[in-house]
Amino acid sequence: MSEKIRWGILSTGHISGKFADALRILPEAEISAVASRNLETARKFAEKHGIRKAYGSYSALADDPEVDVVYIGTPHSFHLENSVMCMRGGKSVLCEKALTINAREAEEMIRVAKEENVFLMEAMITRHVPLIKKIQNWIKSKKIGEVRMVKASRCARSEFEPFQRHLNPELGGGSLLDVGVYVISFASMIFEKNPESVFGFGHIGEFGSDEQGAALLKYDKGEIADLSFALRTNAVNEAYILGTDGYIKIDEVFAVPEKATLVINNKEVEIIEEPIIEGGLVYEAREVMRCMKEGLKESPYMPLEESLQIMRIMDKIRAPWELTYSNDTNLHLHN
Ligand SMILES: NC(=O)c1ccc[n+]([C@@H]2O[C@H](COP(=O)([O-])OP(=O)(O)OC[C@H]3O[C@@H](n4cnc5c(N)ncnc54)[C@H](OP(=O)(O)O)[C@@H]3O)[C@@H](O)[C@H]2O)c1
């Protein structure tokens, strides 16, 4: 591996542009190439972000020997196919959330990573934000006693067109995979275990995907996560960690947090604030490069087994909704 980590960016959509901006400020990173389904689109992206090579197919990027790691920024339904192709080409992969469409796909992606002996991580931004480490220290030092509940909401009101990925079931759209993954992953990070029981409601809207949903997760010692997620509902994006002695409030947008308050006996006893750099994407990019330099094949902050468990939880939540994505065909959801 060269001194700098050489990145490839697979796809030229919204988040790929933001990720390219984030990489530009990291001295240990170099963007070697970008790939789009269309060469002209790739060229425009390359010009805008100062990238040397532009490819008109994803496979050309997977075959490029001058790329160490590929960032996958495609819609959810392509994550498995795109990631596997890059890993088969010997590349490490940072794949956008949700890792896949369902747990069976996640199992397959992880299996290939192990077979090819390459690094793989789900790009769950929250895990790497500095403020989260401070919140975890509050929890570890028992500032709020025993953690009993988590309440988190990730909602937005947006207008969408059927061809866009957000609400298109053919592209793995819908609130559960797009934003529900943040609240489920958050609960998993705080409780550090899998729930015993999972239950969720979802509303399937006019585009045939879930516009909003709510889930309750119950853990072995009676801990509960109370979670909501939506793409067409104007609501808060806060999280609370509730303990026997107090609680922690994480302000909007909790998934990329900049402010948290420690409340004991209804009194605010401490506030921590830390501004986010480049939308927070720099932190996960840094973590990928740290792991790769240290020869790790996964990150301790977003382990593959946990990403898989999160996909299993999402399968269980939507099992009663009669919501299937095109890739679900011939796959049995975990009930
Ligand atoms: N971490 C975060 O904060 C964050 C924020 C937003 C989204 N995301 C995640 O990032 C991923 C992409 O989201 P996005 O909002 O960037 O999506 P987007 O703007 O729609 O971009 C997706 C890109 O995927 C490629 N693509 C390949 N096949 C496609 C198809 N059949 N239809 C549409 N696009 C196709 C296209 O690139 P080419 O035309 O170049 O091939 C397209 O520009 C999702 O997994 C999403 O959950 C993460």
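Mentor: We start with helix packing, move to the loops, and end at the ligand. Keep in mind that this is a predicted model.

Two packed helices are described by the angle between their axes and the distance between the axes. Look for those two values in each pair.

Take α5 and α9 to begin with. Helix α5 covers residues 103-116, and helix α9 covers residues 304-318. Their axes are 8 Å apart, and the packing angle is about 165°. Angles over 145 degrees count as roughly antiparallel. The two helices, α5 and α9, are therefore roughly antiparallel to each other. Their crossing is left-handed. Which residues of α5 and α9 make the contact? From α5 come Ala103, Ala106, Glu107, Ile110 and Lys114. From α9 come Leu304, Leu308, Met311, Arg312 and Asp315. Sort the α5 and α9 contact residues by class: six are nonpolar, four are charged and none is polar.

Now turn to α1 and α8. Helix α1 spans residues 14-24, and helix α8 spans residues 281-293. Here the axes come within 9 Å and cross at roughly 70°. That makes α1 roughly perpendicular to α8, since angles of 65 to 115 degrees count that way. The crossing of α1 with α8 is right-handed. On the α1 side, the residues are Ile15, Lys18, Phe19, Ala22 and Leu23. They meet Leu281, Val282, Glu284 and Ala285 of α8. By class, this contact of α1 with α8 has seven nonpolar residues, two charged ones and no polar ones.

Next, the loops. One loop runs between β5 and α5, and Ala98 sits in it. The peptide bond from Lys97 to Ala98 is cis, with omega near -20°. A cis bond is also found from Glu252 to Val253, where omega is near -15°. Val253 belongs to the loop between β12 (246-250) and β13 (259-264). Lys142 has another backbone feature: its phi is near 60°, a positive value in a residue other than glycine. Find Lys142 in the loop between α6 (130-140) and β7 (147-155).

Last, the ligand. There are 20 residues around the ligand. Which of them come nearest? They are Thr12, Ser36, Tyr58, His76 and Lys97. Now check the polar atoms. His76 places a polar side-chain atom 2.8 Å from an oxygen atom of the ligand. Ile15, which you saw in the α1 contact with α8, uses its backbone instead: a polar backbone atom of Ile15 is 2.8 Å from a ligand oxygen. For Asp178, an N or O atom in the side chain is 3.3 Å from an oxygen atom of the ligand.

Key. Residues numbered from 1 in each chain as written. Predicted model: local features only at pLDDT ≥ 70, side-chain atom pairs only at ≥ 80, totals over all residues. Heavy atoms only, no water. Axes fitted to C-alpha atoms, helices over the stretch in contact; angles between N-to-C directions. Helix = DSSP H or I, 4+ residues; strand = E, 2+ residues; numbered from the N terminus. Parallel < 35°, antiparallel > 145°, perpendicular 65-115°, else oblique. Left-handed = near helix turned anticlockwise from the far one by under 90°. Contact = heavy atoms within 4.5 Å. Nonpolar A, V, L, I, M, F, W, Y, C, P; charged D, E, K, R; others polar. Near = heavy atom within 4 Å. Polar contact = N/O pair within 3.5 Å; in protein donor to acceptor, adjacent residues only side chain to side chain.
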